[in-house]
Amino acid sequence: MTTSEAPARIAVTGLAVMGSNLARNLARHGYRVAVHNRSSARTKALIEEHGHEGDFVPAETLEELVASLQTPRQIIIMVKAGAPTDAVIDELVPLLEPGDMVIDGGNAHYADTRRREAALREAGLHFVGAGISGGEEGALNGPSIMPGGSKESYQHLGPVLESIAAQVDGVPCCVHVGPDGAGHFVKMVHNGIEYADMQLIAEAYDLLNRVGGMTPTQIAEVFRGWNSGDLESYLVEITAEVLGHFDPETGVPLVDVIADEAEQKGTGRWTVQEALELGVPVTGIAEAVFARSLSGRVEQRKAAREAFGSPEVLASERIADQLVEDVRQALYASKVVAYAQGFDQMRAASAEYGWDLDLGAMATIWRGGCIIRARFLDRIREAYDKDPNLASLLVDEYFRDAVRDAEAAWRRVVVGAVEAGVPVPGFVSALAYYDALRSERLPASLVQGLRDFFGAHTYRRTDREGSFHTLWSGDRSQVDA
Ligand SMILES: NC(=O)c1ccc[n+]([C@@H]2O[C@H](COP(=O)([O-])OP(=O)(O)OC[C@H]3O[C@@H](n4cnc5c(N)ncnc54)[C@H](OP(=O)(O)O)[C@@H]3O)[C@@H](O)[C@H]2O)c1
């Protein structure tokens, strides 16, 4: 901390773990950072513990914080998402001048961000909803940052955010995503994909454990090996760490003593809700969200176990080698599907809200700092570089070949899991999605027939234009609708 009277470059209000780490990241990059928290104890703690790391300007009140900044002001809000964010904005806005920028780095719902952006624009202010991924570690050492808001605000803010973001091959994991709520939408889909990715990894572990008869320690080794191939990613890397860890108290693998009830904070659910609104099938994310919900229904699970008994899986070491390779391929192919669906959702939202999202750039900024960082994302960027209007990631030449190559193994895994009674909703739904997309004819034709029968909802024909209705309760002739 210095005593100079120079104005601060940027401010952070909300100094819980994310805000204080982001402020430290900014200070370590040489920015003079004004810091504030509703209760001043957190501000004092930050200065006491980390004041020596850079140039901080502590403020007791928001008035002081605003007064300490150079103009146009840039104030990052890092408080609890929802009503607390609105409370801070309401207190802040009367203190600001046209051209100032309010950045919400919390996990806001993108619809809230759209509302806030519109309201602040009326007041001549810029509101930037910035998705920040990477948890507390990322906030401190370089997160993936997904800022929305106006292009003009990014001209001021971009260089600062890019400098504190994770860097991969010299490229910052931060780009102007698009107007208003685009940044928070993309962050939401990132989290949704994270749900799908984790579910698929968990299914792979379950199969190797229950069908392959492998111990968590052996499976940790498998994941360690996978992390040097196409599956290389942060999640695969930490899967090896978690599976390889022993509980110091009992001496058994930790994963065996962790309660099997997965919790959720809600961003996966948001992703699925928004996908339903947009009509985009994100089956991988939906299955992942539902799998977590199911795991938490302890009473129902107990009742079902009592009624049916648990599936008896006869592990066979003999098949383990083949199984490991098959599961690797099933995991990879299912992962391609999950990402293809997530990117479809971003494309649909971009069209709906006029965001003009650069999908390749989204893959670029997820390569570092965030939870789904992976080698794989380079391939996605290349796919969109080649064809920004790709109908689906699945049809890009690289992914098409990868999925085709994996198909036989993928089917063996799904069939084997179904026969053994090991639930693999992620693998199954990904395969069903792949088969549905490439089917010449879908039974949606029958669905349309049924809808026309009971509700006169009409149907279109394959052989000529127009809408038709069959007089089902009359002479069953066809009429133009
Ligand atoms: N934790 C993560 O890994 C992570 C990752 C990405 C994004 N995020 C998002 O980043 C934001 C901050 O997360 P966090 O975990 O650091 O903190 P948090 O636990 O979500 O929120 C605590 C902070 O919010 C402040 N706050 C709460 N209600 C307030 C109000 N009505 N007015 C003013 N301030 C209020 C608290 O101030 P007091 O100290 O005075 O109570 C404290 O600074 C959240 O939106 C979170 O979703 C978190």
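This report describes helix packing, nonpolar cores and selected local features in a predicted model.

## Helix 8 and helix 11

Two packed helices are described by the angle between their axes and the distance between the axes. Helix 8 spans residues 182–210 and helix 11 spans residues 267–278; their axes come within 8 Å and cross at roughly 110°. That angle makes helix 8 roughly perpendicular to helix 11, and the crossing of the two is left-handed.

On the side of helix 8, the contact is made by Phe 185, Met 188, Val 189, Asn 191, Gly 192 and Tyr 195, which meet Thr 267, Gly 268, Trp 270, Thr 271, Glu 274 and Leu 278 of helix 11. By class, the residues of this contact comprise 6 nonpolar, 5 polar and 1 charged.

## Helix 8 and helix 12

Helix 8 also packs against helix 12 (residues 283–296), at an angle of about 70° and with the axes 8 Å apart. The two helices are therefore roughly perpendicular to each other. Their crossing is left-handed.

The residues of helix 8 in this contact are Gly 192, Ile 193, Tyr 195, Ala 196, Met 198 and Gln 199, and they meet Gly 284, Ile 285, Ala 288, Val 289, Ala 291 and Arg 292 in helix 12. The contact of helix 8 with helix 12 divides into 8 nonpolar, 3 polar and 1 charged residues. Gly 192 and Tyr 195 take part in this contact and also belong to the residues of helix 8 that meet helix 11.

## Helix 8 and helix 10

A further partner of helix 8 is helix 10 (residues 234–243), where the packing angle is about 45° and the axes are 11 Å apart. Helix 8 and helix 10 are therefore oblique to each other, and helix 8 passes helix 10 in a right-handed crossing.

From helix 8, Glu 194, Asp 197, Met 198, Ile 201 and Tyr 205 meet Leu 235, Val 236, Thr 239 and Leu 243 in helix 10. The classes represented in the contact of helix 8 with helix 10 are 6 nonpolar, 1 polar and 2 charged residues. Met 198 is listed in this contact and in the contact of helix 8 with helix 12.

In soluble globular proteins, nonpolar side chains tend to be buried together. In this model the largest nonpolar core has 91 residues, and those with the most contacts inside it are Trp 226, Phe 343 and Trp 366. Helix 14 (residues 320–353) gives the most to this core, contributing 15 residues. Leaving aside residues up to four places away in sequence, Phe 343 touches Leu 359, Met 362, Ala 363, Trp 366, Ile 380, Tyr 384 and Leu 393.

A second, separate core contains 29 residues, including Leu 22, Leu 26, Ile 132 and Leu 161.

Ile 145 is placed in strand 7 (residues 144–147). With a relative accessible area of 1%, Ile 145 is buried, since the cut-off for a buried residue is under 20%. Not counting residues up to four places away in sequence, Ile 145 touches Ala 130, Gly 131, Ile 132, Leu 161, Ile 164, Ala 165, Cys 173, Cys 174, Val 175 and Ile 365. Two of these neighbours, Ile 132 and Leu 161, are named among the residues of the second core.

Ile 145 and Asn 209 are separated by 64 residues in sequence and by 37 Å in space, C-alpha to C-alpha.

The peptide bond from Thr 71 to Pro 72 is cis, with omega near -10°. Pro 72 is found in the loop between helix 3 (62–67) and strand 4 (74–77).

The loop between helix 19 (444–455) and strand 10 (459–460) contains Ala 456 and also Thr 458. Ala 456 is not a glycine, yet has a positive phi of about 50°; at a relative accessible area of 43%, Ala 456 is partly exposed. Thr 458, likewise a residue other than glycine, has a positive phi near 70°. Gln 448 lies in helix 19 and counts as partly exposed at 30% relative accessibility. Gln 448 and Thr 458 are 10 residues apart in sequence and 7.4 Å apart in space, C-alpha to C-alpha. Beyond residues up to four places away in sequence, Gln 448 touches Thr 458 and Tyr 459.

Terms used: Residues are numbered from 1 along each chain as its sequence is written. This is a predicted model: local features need pLDDT of at least 70, side-chain atom pairs count only at pLDDT 80 or more; totals for chains, interfaces and linings use all residues. Side-chain values use heavy atoms; hydrogens and water are left out. Axes are lines fitted to C-alpha atoms, for helices over the stretch in contact, and angles run from 0 to 180 degrees between N-to-C directions. Helices (H or I, at least four residues) and strands (E, at least two) are DSSP runs, numbered from the N terminus. Angles under 35 degrees count as roughly parallel, over 145 as roughly antiparallel, 65 to 115 as roughly perpendicular and the rest as oblique. A crossing is left-handed if the near helix is turned anticlockwise from the far one by less than a right angle, and right-handed if clockwise. Contact means heavy atoms within 4.5 Å. Ala, Val, Leu, Ile, Met, Phe, Trp, Tyr, Cys and Pro count as nonpolar, Asp, Glu, Lys and Arg as charged, and the others, Gly among them, as polar. A nonpolar core is a set of buried Ala, Val, Leu, Ile, Met, Phe, Trp, Tyr and Cys residues joined through side-chain atoms within 4.5 Å. Buried means under 20% relative accessible area, exposed over 50%, partly exposed in between (1.4 Å probe, protein chains only).
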